[in-house]
Amino acid sequence: MIRILIADDHAIVRQGLRLVLSLAPELELAGEAKDGWEVIQLVRTRDLNLLLLDMNMPGPNGVELIKRVREDAPQLPILVLSMHGESQFAGRAIKAGAAGYLTKDSEPETLIAAIRQVAGGAHYIEPAVAARLLFDAKPDDTEQPHLALSDREYQIFLLLVQGRGVNE
């Protein structure tokens, strides 16, 4: 049995993921979290085999949340399910400690296969994202200066782009 914690701030997405998990008898929903704080609490208190994680949620999220989960549960595989198909999001998630990455436009069968693979100790990256990771990496990425930012700098950059003020 693969015991899964679903972490997504959208109730309708969590409900859809519950339905997808019900398609495979060996997958069991062990809990749900709607923000980063709940993820941290449930990772500490539940017996889990996999964390299915959205990158953008209230509270600690993204790379920061992956790193915190790695500290609390270093053996827990993390499969990121994100709306972001850009290679820099996947690359940062994998570098932070995620074992897999796929986008929310994936087919349910692909999600189930990725869960099985990651829970079994392997890695999974959606083929289209993997191709972008591989072929977007150039020896001289001077035309994409945001790729040189640290994780924290990139997080602040994204908040500024979303319209947040410097003081926020």
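Arg3 is partly exposed, with a relative accessible area of 22%; the term covers values between buried, which is under 20% relative accessible area, and exposed, which is over 50% (1.4 Å probe, protein chains only). This is a predicted model, in which local features need pLDDT of at least 70, side-chain atom pairs count only at pLDDT 80 or more, and totals for chains, interfaces and linings use all residues. Residues are numbered from 1 along each chain as its sequence is written, and side-chain values use heavy atoms, with hydrogens and water left out.

Arg3 forms a salt bridge with Glu28, and their closest N and O atoms are 2.5 Å apart. The pair ties together parts that are 25 residues apart in sequence, because Arg3 lies in strand β1 (residues 2–7) and Glu28 in strand β2 (residues 27–33). Strands (E, at least two residues) and helices (H or I, at least four) are DSSP runs, numbered from the N terminus. Glu28 is likewise partly exposed, at 29% relative accessibility. A salt bridge here is a side-chain nitrogen of Lys or Arg within 4 Å of a carboxyl oxygen of Asp or Glu, and the whole structure contains nine salt bridges.

Lys104 takes part in another of these contacts, with Asp8, where the closest N and O atoms are 2.7 Å apart. Lys104 lies in the loop between β5 (100–103) and α5 (108–119) and Asp8 in the loop between β1 and α1 (11–21), so this pair ties together parts that are 96 residues apart in sequence. Lys104 is partly exposed at 32% relative accessibility, whereas Asp8 is buried at 1%.

Lys104 also forms a salt bridge with Asp54, at 3.5 Å between the closest N and O atoms. Through shared partners, salt bridges join Asp8, Asp54 and Lys104 into one network.
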